[in-house]
Structures are given as C-alpha cells and as structure tokens.
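Subject: Structure for you to look at, with notes

Dear colleague,

I am passing on the structure we spoke about, and below it you will find my notes on what came out of going through it. Please read them with the model open beside you.

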Amino acid sequence: MLAPKKVYVCDTGLIKAGAILLTENWGYLLENIVFSHLRRHSKELFYYNENGKECDFVELEQGKIKSLIQVCWDLNSDNEEREINGLIDALQYFNQSKGVILTANQRDTIYHGNCEVNVMPVWDFLNNNQSVPLLSTGHPKARSDPSDRRRPAGNR
C-alpha cells in the first residue's frame, strides 16, 4: 500500500501561512528543510515505506545508496521506537550499516544489532554542506537496485 502523498514547499513560511493546524508541527518543517537541502545536492531522492515502517529519505548517487536519513524534531518516548525502527528496517533492507536521524538539537549514537544510527542536529548537517557524515558507501552486500521499495521523495 502506498503512503499518502506528502508535499514539500520551497518556502517554509508558506506552510505556516497556509496551514490550519491545531498543533504546531515542527517535525514537518524540519523535514521540509532537509528535503530542500538534499534536493539541491541530489537528483536521486526517494523514501522507504514497507511493513508500516518508513524512512524519510533514501539518497542515491549513480544508482547506489548514498545515505538513509530519518528526520524528527526530537527523539522522545512518544516517537523513538517508530523513528529508529523505520531507519533500521531501511538499513537492513538495503544492506547498509549506518544511518542518520536529524533532530533540532540532539546528539547520540544508537547501536542496534550491526546497525549504527548517528543522531545529530540538523544545523550541523546543513553547516557541513554534505549529505550525511559517517555513512557506509560501497558496502559489499549493498543492493544495487533498490527500486522495488523506494518512492520519489516529495511525491508521497
């Protein structure tokens, strides 16, 4: 089953101006900022959604996995299991060992089996002007064609 479509905008002010929200959705704003940054640096950008688990961004470079990224305002008791498990599921599917969760201002390293999740503030990610630090590339068991479980980001 396909996930509902999600729309990213070029100006996050449009989200605040045009949305009728009962609660603030800072996580969506942060995800939109990350999407805009990744889109400037990558043309191959997808998301993973399988078995009720989602990873926000699957970035490819020349058809190979470059990074797996999850975005949330903060990791807390309400979302930690969902955010981590979505990323871990994608890491395992694509035979990758390292992924990143971008937050507003948290740092941590989480180990789950043979997977390493680097939690870092989004401002650090943006200031370093790189896709994602500390990700494995060219993993010997990496799947070369992840197309059956990827969907274009920005077209959810």
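N118 is buried, with a relative accessible area of 13%, where buried means under 20% relative accessible area, exposed over 50%, and partly exposed in between (1.4 Å probe, protein chains only). This residue belongs to strand β6 (residues 115-121), and its C-alpha lies 7.6 Å from that of R107, although 11 residues separate N118 and R107 in sequence.

Before going further, please keep in mind that this is a predicted model, in which local features need pLDDT of at least 70 and side-chain atom pairs count only at pLDDT 80 or more, while totals for chains, interfaces and linings use all residues. Residues are numbered from 1 along each chain as its sequence is written, and side-chain values use heavy atoms, with hydrogens and water left out.

On confidence, the mean pLDDT (the predictor's confidence in each residue, from 0 to 100) of the protein is 77, and 67% of the residues reach 70 or more.

As for the overall layout, the protein has four helices and seven strands, which are DSSP runs numbered from the N terminus (helices H or I, at least four residues; strands E, at least two). From the N terminus on, the order is α-α-β-β-β-α-β-β-β-α-β. Of the 156 residues, 47% are buried, and among contacts with a separation of 6 or more, 54% are between residues 24 or more positions apart.

To return to β6, seven of its seven residues are buried, with C115, V117, V119 and P121 on one side and E116, N118 and M120 on the other. Strand β6 runs parallel to β4, to which six bridges join it; strands are taken to pair if DSSP finds at least two bridges between them. Within this pairing, K98 stands opposite E116, and T103 has P121 as its bridge partner. With strand β5 (residues 108-112), β6 pairs in the antiparallel sense over five bridges, and here D108 is the bridge partner of V119. The hairpin of β5 and β6 has two residues between the strands, and G113 in it takes a positive phi near 60°.

Strand β4 is also mostly covered, since five of its six residues are buried. Three bridges join β4 to β3 in a parallel arrangement, with I101 as the bridge partner of Q70. Together, β3, α3 and β4 make a right-handed β-α-β unit, right-handed meaning that, with the strands pointing away from the viewer, the path from the first strand over the helix to the second runs clockwise.

The largest nonpolar core has 21 residues, and those with the most contacts inside it are V58, L68, F94, I101 and V117. A core here is a set of buried Ala, Val, Leu, Ile, Met, Phe, Trp, Tyr and Cys residues joined through side-chain atoms within 4.5 Å. The elements that give two or more residues to this core are β1, β2 (53-61), β3 (64-71), α3 and β6, and α3 gives the most, with six residues. A second, separate core of 13 residues includes I69, V71, M120 and V122.

Finally, a search of the whole structure finds four aromatic pairs, which are rings of Phe, Tyr and Trp (its six-membered ring) with centres within 6.5 Å, stacked if the planes are under 30 degrees apart, edge-to-face if over 60 and tilted for the rest. The rings of Y48 and Y93 have their centres 6.0 Å apart and their planes at 35°, so this pair is tilted. It links distant parts of the chain, as Y48 is in strand β1 (residues 45-50) and Y93 is in helix α3 (residues 80-93), 45 residues apart. Y93 also forms an edge-to-face pair with F94, at 4.9 Å centre to centre and 85° between the planes. Y48, Y93 and F94 form one aromatic cluster.

With best wishes

Notes:
Contact means heavy atoms within 4.5 Å.
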